[in-house]
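Visitor: Could you walk me through this protein? I have not looked at it before.
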Amino acid sequence: YRMNAGTFPSSEQGLMALVEKPSSGRQPKSWQQTMKTEQVDPWQNPYGYSFPSRHGQNEPDVWSFGPDMVDGTEDDIGNWEE
């Protein structure tokens, strides 16, 4: 997405910006569908997404709410963890 649009999708646009052209927020310079459907985690829930990162990364935060399916709990699994 970033290579075509010039930036990552905003938190508001989320990962759906990979499926449908965003209609709100900063509009991409050039948009191309990257995925046919929104991806879900192993528990069949959409992934959490935040850009700018809440964890000081230069890339978006992407995470699963984990088996309890509640955001912000100890079992969340994110790309900022080692």
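Guide: The conversation below goes from the overall fold to single residues. Please keep in mind that this is a predicted model.

Visitor: What box do the C-alpha atoms fill?
Guide: Along the principal axes, the C-alpha atoms fill a box of roughly 40 × 30 × 20 Å.

Visitor: And what share of the residues is buried?
Guide: Buried residues account for 29% of the 82 residues. As for contacts between residues at least 6 apart in sequence, 27% of them join residues at least 24 apart.

Visitor: Let us turn to single residues. Where does Asp61 lie?
Guide: Asp61 lies in strand β2, which covers residues 61-64.

Visitor: Which side chain of opposite charge is nearest to Asp61?
Guide: That is Arg54, at 5.2 Å. Asp61 is buried and has no salt bridge.

Visitor: What does the side chain of Asp61 join in a polar contact, then?
Guide: The side chain of Asp61 has a polar contact of 2.7 Å with the side chain of Ser53. Leaving aside neighbours within four places in sequence, Asp61 is in contact with several residues, among them Ser53, Arg54, Tyr49 and Trp80.

Visitor: Tyr49 is on that list. Is Tyr49 buried or exposed?
Guide: Tyr49 is buried, because its relative accessible area is 10%, under the 20% cut-off. Tyr49 belongs to strand β1.

Visitor: Which residues is Tyr49 in contact with?
Guide: Beyond its neighbours within four places in sequence, Tyr49 is in contact with residues including Phe8, Pro9, Leu15, Asp61 and Trp63. With Pro9 there is also a polar approach: the backbone oxygen of Pro9 lies 2.6 Å from a polar atom of the Tyr49 side chain. Gly25 is 24 residues from Tyr49 along the chain, and their C-alpha atoms are separated by 15 Å.

Visitor: New topic. How many aromatic pairs does the structure hold?
Guide: The structure holds three aromatic pairs. In one of them, Trp63 and Phe65 have ring centres 6.4 Å apart and planes at 35°, so this pair is tilted.

Visitor: Which residues do the ring pairs link into a cluster?
Guide: Trp63, Phe65 and Trp80 are linked into a cluster by ring pairs. Trp63 is buried, at a relative accessible area of 5%, whereas Phe65 is partly exposed, at 21%.

Visitor: Now the backbone. Which peptide bond is cis?
Guide: The peptide bond from Phe51 to Pro52 is cis, with omega near 10°. Pro52 is in the loop between β1 and β2. In general, most peptide bonds are trans, and most residues other than glycine have a negative phi.

Visitor: Which residue has a positive phi of about 65°?
Guide: That is Gln44, which is not a glycine. Gln44 is placed in the loop between α1 and β1, and its relative accessibility of 58% makes it exposed. Met69, also not a glycine, has a positive phi near 60°. Met69 sits in the loop between β2 and β3 and is partly exposed, with a relative accessible area of 46%.

Visitor: What does Pro67 touch?
Guide: Not counting residues up to four places away in sequence, Pro67 touches Trp43 and Asp75. Pro67 is found in the loop between β2 and β3, where it is partly exposed at 45% relative accessible area. From Pro67 to Glu38 the separation is 29 residues in sequence and 19 Å in space, C-alpha to C-alpha.

Technical notes
Residues numbered from 1 in each chain as written. Predicted model: local features only at pLDDT ≥ 70, side-chain atom pairs only at ≥ 80, totals over all residues. Heavy atoms only, no water. Helix = DSSP H or I, 4+ residues; strand = E, 2+ residues; numbered from the N terminus. Buried < 20%, exposed > 50% of the residue type's maximum accessible area, 1.4 Å probe, protein only. Lys, Arg positive; Asp, Glu negative; His and termini not counted. Salt bridge = Lys/Arg side-chain N within 4 Å of Asp/Glu carboxyl O. Polar contact = N/O pair within 3.5 Å; in protein donor to acceptor, adjacent residues only side chain to side chain. Contact = heavy atoms within 4.5 Å. Phe/Tyr/Trp six-rings, centres within 6.5 Å; stacked < 30°, edge-to-face > 60°.
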